[in-house]
Amino acid sequence: MSTSSPAALPVRRLTPRDLTACADLSENRGWPREEHKWGLLLAAGTGYGIDDPDGGLVTACVVTEYGPRECPDLGAIGMVLVAERHARQGLGRRLMRHVVAEMGTTPLTLHATPNGRPLYEELGFKVTGRAEMVRGHFVPGGVEPGIFTRPATAEDLAAILRLDEEIFGVDRTHVITRLPAFSDQLRVAEENGRIIGYACAWPNMDNHVVGPLIARDTETAKALIASLADHTDRLLRTDIDVRHEELLSWLKDRGLASIAFNSVMMYGISELPGDWTRRFAPLTVAAG
């Protein structure tokens with residue numbers, strides 16, 4: 001058994017080769033392993049961690065940067081975890097201080113659980129909103145939105161990227177171009193030959209996560225979710241900005257139940273860029 005203290009070990013960059021160690025860390029804290037999601041985050045973002053002298057990772061997180069590579073417009077922090085036997089020793093705080101310093105002047109965002117929020121507030125993050133996680137088997141019913149949706153094709157990618165940057169507020173091409181391989185479904189909503197929204201359903205354990213969900217309006221968002229639900233037997237799960245009250249009410253009427261709330265927090269900016277009225281759900285809360 002090593003006597004080295006993790007508190008004295010350096011923070012290092014993680015790579016896709018660390019995927020199993022990251023999934024083990026998730027499992028250690030009672031989270032699902034989520035290897036599929038970890039794989040995307042480690043490929044599209046930058047992981048940070050501290051090695052456990054006895055094997056595996058003591059702590060880890062991932063930062064997904066958006067905008068120009070040399071000078072990102074936004075960094076999203078997610079998957080902040082500390083192994084159970086090393087909890088309450090300041091390692092999460094040390095890792096987060098390192099990441100904030102590494103990011104320099106880049107504005108940062110994250111979704112905080114109630115347990116994590118005090119640490120982030122201590123580091124200077126401010127709460128600017130909330131997201132509600134809902135989950136369940138989608139039950140069709142009522143008057144369905146009369147908006148045309150279809151599977152996305154390779155020819156749609158340029159239009160999806162333009163719409164995404166307009167609504168999200170910064171360029172995230174390096175993430176969006178991974179969606180066709182990452183997701184089980186990528187669908188678009190169309191009107192008069194113009195794409196007015198898009199959404200993915202990607203596999204995560206026993207459910208399909210709906211996100212990103214970008215849409216012209218609430219009716220378009222409903223149509224996209226209904227079309228995704230129509231092509232899966234799995235539970236649906238998604239994280240909706242609580243300001244979209246009509247969509248949340250509609251989802252609950254169709255069988256999805258509230259599971260948790262996360263605080264949306266910012267560092268260096270007062271709110272997210274883009275148009276929140278057309279941004280309904282993130283790809284994952286870990287990536288903003």
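Modeller: Axes are lines fitted to C-alpha atoms, for helices over the stretch in contact, and angles run from 0 to 180 degrees between N-to-C directions. Helices (H or I, at least four residues) and strands (E, at least two) are DSSP runs, numbered from the N terminus. This is a predicted model, in which local features need pLDDT of at least 70 and side-chain atom pairs count only at pLDDT 80 or more, while totals for chains, interfaces and linings use all residues. Residues are numbered from 1 along each chain as its sequence is written, and side-chain values use heavy atoms, with hydrogens and water left out.

Biologist: At what angle do the axes of helix H8 and helix H9 cross?

Modeller: Two packed helices are described by the angle between their axes and the distance between the axes. Here H8 (residues 218–229) and H9 (residues 245–253) cross at roughly 30 degrees, and their axes come within 10 Å. H8 is therefore roughly parallel to H9; angles under 35 degrees count as roughly parallel, over 145 as roughly antiparallel, 65 to 115 as roughly perpendicular and the rest as oblique. The crossing of H8 with H9 is right-handed, a term used if the near helix is turned clockwise from the far one by less than a right angle, with anticlockwise being left-handed.

Biologist: Which residues of H8 and H9 meet?

Modeller: Contact means heavy atoms within 4.5 Å. From H8, Thr 218, Glu 219, Ala 221, Lys 222, Ile 225 and Ala 226 meet Glu 246, Leu 247, Trp 250 and Leu 251 of H9. This contact has six nonpolar, one polar and three charged residues. In these classes, Ala, Val, Leu, Ile, Met, Phe, Trp, Tyr, Cys and Pro count as nonpolar, Asp, Glu, Lys and Arg as charged, and the others, Gly among them, as polar.

Biologist: How do helix H1 and helix H2 pack?

Modeller: The angle between H1 (residues 19–28) and H2 (residues 35–44) is about 130 degrees, and their axes are 10 Å apart. The two helices H1 and H2 are therefore oblique to each other, and their crossing is right-handed. Leu 19, Cys 22, Ala 23 and Ser 26 of H1 make the contact with Glu 35, Trp 38, Gly 39 and Leu 42 of H2.

Biologist: How much space lies in the largest pocket?

Modeller: Rolling a probe the size of a water molecule over the atoms shows where empty space is left. On a 1 Å grid over the protein atoms alone, a cavity is a set of points where a 1.4 Å probe fits but cannot get out; a pocket is an open set with protein on both sides within 12 Å along at least five of seven lines, and lining residues have an atom within 4 Å of a point. Grid points are joined across faces, edges and corners, and a volume is the space filled by probe spheres set on the points. The largest pocket holds about 1,200 Å³. Its lining has 36 residues, of which Trp 31, Val 80, Leu 81, Thr 113 and Gly 116 are the closest to the centre. Strand E4 gives the largest share of this lining, six residues.

Biologist: What volume has the largest cavity, and which element supplies the largest share of its lining?

Modeller: The largest cavity has a volume of about 40 Å³. Strand E10 (207–215) and E11 each supply at least two residues of its lining, and the largest share, three residues, comes from E11. By class, the lining of this cavity has six nonpolar, two polar and two charged residues.
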